[in-house]
Amino acid sequence: MQAEQILSASRQAIGPIAAFAAIGDIPQLKTALNHGLDAGLSISECKEILVQLYAYAGFPRSLNALTALMQVLDERKHRGVADAPGRDPAPAKTGEALLASGTANQTKLVGAPVKGPVFEFAPAIDEFLKTHLFGDIFNRDNLDWQSRELATVAVLAALNGVEPQLQSHVRVSINVGITKPQLRQFIQVLATQADAATAQRAQAALDNI
């Protein structure tokens, strides 16, 4: 694989972290977090992966995963490991500016304005997606969009019954610059370090692109 097609070690490490957090496997998550920190993920990036998790797998999984990260960091500190703190996100937008930026983010990520019967049927979910997921969360610049999408693909691949959303985010990953060879490499990491079924779901979504 050409150098430009190879995911960095830190981006490869995102997959197992997100997948184990999504299914609540805390022992495996701790192992994955240690590996990710050793591979160069900052504390801020690990934290952000697990904060974003709640948008796709719920607050309980996110809170439990963040507690696991706290424990891992405490254990590493006691071993004398000094992990890079990373940086804080930019200040949050509010009001109309938040809706405008979230709508712009969503359009850029997906590649076109997002419309559909479900959003007409339940306008509140459309507003929440634009203002909160694509506004509040995707405006947080302590984790870049490519890393966010890799984390999202891993989370959705680890869950059953969300194939349409997984398919959508595989497409978004490509829209933000992750190549198909990189996605195949990411899926191989999921197969060897996470779970075969998770990797199979991700591969099926990629095969449909």
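**Exercise 1. Overall form**

What radius of gyration would a compact globule with 209 residues have, and what does the chain have?

Solution. Start with the model itself. It is predicted, so local features need pLDDT of at least 70, side-chain atom pairs count only at pLDDT 80 or more, and totals for chains, interfaces and linings use all residues. Residues are numbered from 1 along each chain as its sequence is written, and side-chain values use heavy atoms, with hydrogens and water left out.

Step 1. The radius of gyration is taken over C-alpha atoms, and the globule rule is 2.2 Å times the number of residues to the power 0.38.
Step 2. For 209 residues, a compact globule would come out near 17 Å.
Step 3. The chain has 17 Å, so the two agree.
Step 4. Along its principal axes, the C-alpha trace covers about 55 × 40 × 30 Å.

**Exercise 2. Helices and the annotated span**

State how many helices and strands the chain has, then describe residues 123-206.

Solution. Step 1. Helices (H or I, at least four residues) and strands (E, at least two) are DSSP runs, numbered from the N terminus.
Step 1. The chain has 12 helices and zero strands. Read along the sequence, the pattern is α-α-α-α-α-α-α-α-α-α-α-α.
Step 2. An unreviewed UniProt entry places "domain: Carboxymuconolactone decarboxylase-like" at residues 123-206. UniProt positions follow the numbering used here, feature names are shortened, and annotations may be inferred rather than shown by experiment.
Step 3. That span is 80% helix and 0% strand, and its end C-alpha atoms lie 30 Å apart.

**Exercise 3. Buried or exposed?**

Classify alanine 13, isoleucine 14, glutamate 75 and proline 123.

Solution. Step 1. Set the cut-offs: buried means under 20% relative accessible area, exposed over 50%, and partly exposed in between (1.4 Å probe, protein chains only).
Step 1. Take helix α1 (residues 9-23), which holds alanine 13. Alanine 13 has a relative accessible area of 1%, so it is buried. Isoleucine 14 is also in helix α1. Isoleucine 14 has 1% too, so it is buried.
Step 2. Glutamate 75 is in helix α5 (residues 59-78). Glutamate 75 is partly exposed because its relative accessible area is 40%.
Step 3. Proline 123 is in helix α8 (residues 123-137). Proline 123 is exposed because its value is 52%.
Step 4. Now the whole chain. Of its 209 residues, 44% count as buried.

**Exercise 4. Contacts and distances**

Which residues does isoleucine 14 contact, leaving aside neighbours within four places in sequence?

Solution. Step 1. Contact means heavy atoms within 4.5 Å.
Step 1. Isoleucine 14 is in contact with Leu41, Ile49, Ser147, Leu150, Ala151 and Phe186.
Step 2. Compare the list for alanine 13, not counting residues up to four places away: His35, Gly36, Ala39 and Leu41.
Step 3. Look at the chain. Among contacts with a separation of 6 or more, 73% come from residues 24 or more positions apart.
Step 4. Turn to distance, C-alpha to C-alpha. Alanine 13 and asparagine 142 are 129 residues apart in sequence and 17 Å apart in space. Glutamate 75 and histidine 132 are 57 residues apart in sequence and 33 Å apart in space.

**Exercise 5. Aromatic rings**

How many aromatic pairs are there?

Solution. Step 1. Rings of Phe, Tyr and Trp (its six-membered ring) pair if their centres lie within 6.5 Å; planes under 30 degrees apart count as stacked, over 60 as edge-to-face and the rest as tilted.
Step 1. This rule gives three aromatic pairs.
Step 2. Tyrosine 54 and phenylalanine 59 are stacked, with 4.3 Å centre to centre and 15° between the planes. Tyrosine 54 is buried because its relative accessible area is 17%.
Step 3. Phenylalanine 138 and tryptophan 145 are edge-to-face, with 6.1 Å centre to centre and 70° between the planes. Phenylalanine 138, at 3%, is buried.
Step 4. Ring pairs link Phe134, Phe138 and Trp145 into a cluster.
Step 5. A charge sits over a ring if NZ of Lys or CZ of Arg is within 6 Å of the ring centre and within 35 degrees of the ring normal. The charged end of arginine 148 sits over the ring of phenylalanine 138, 5.8 Å from its centre.
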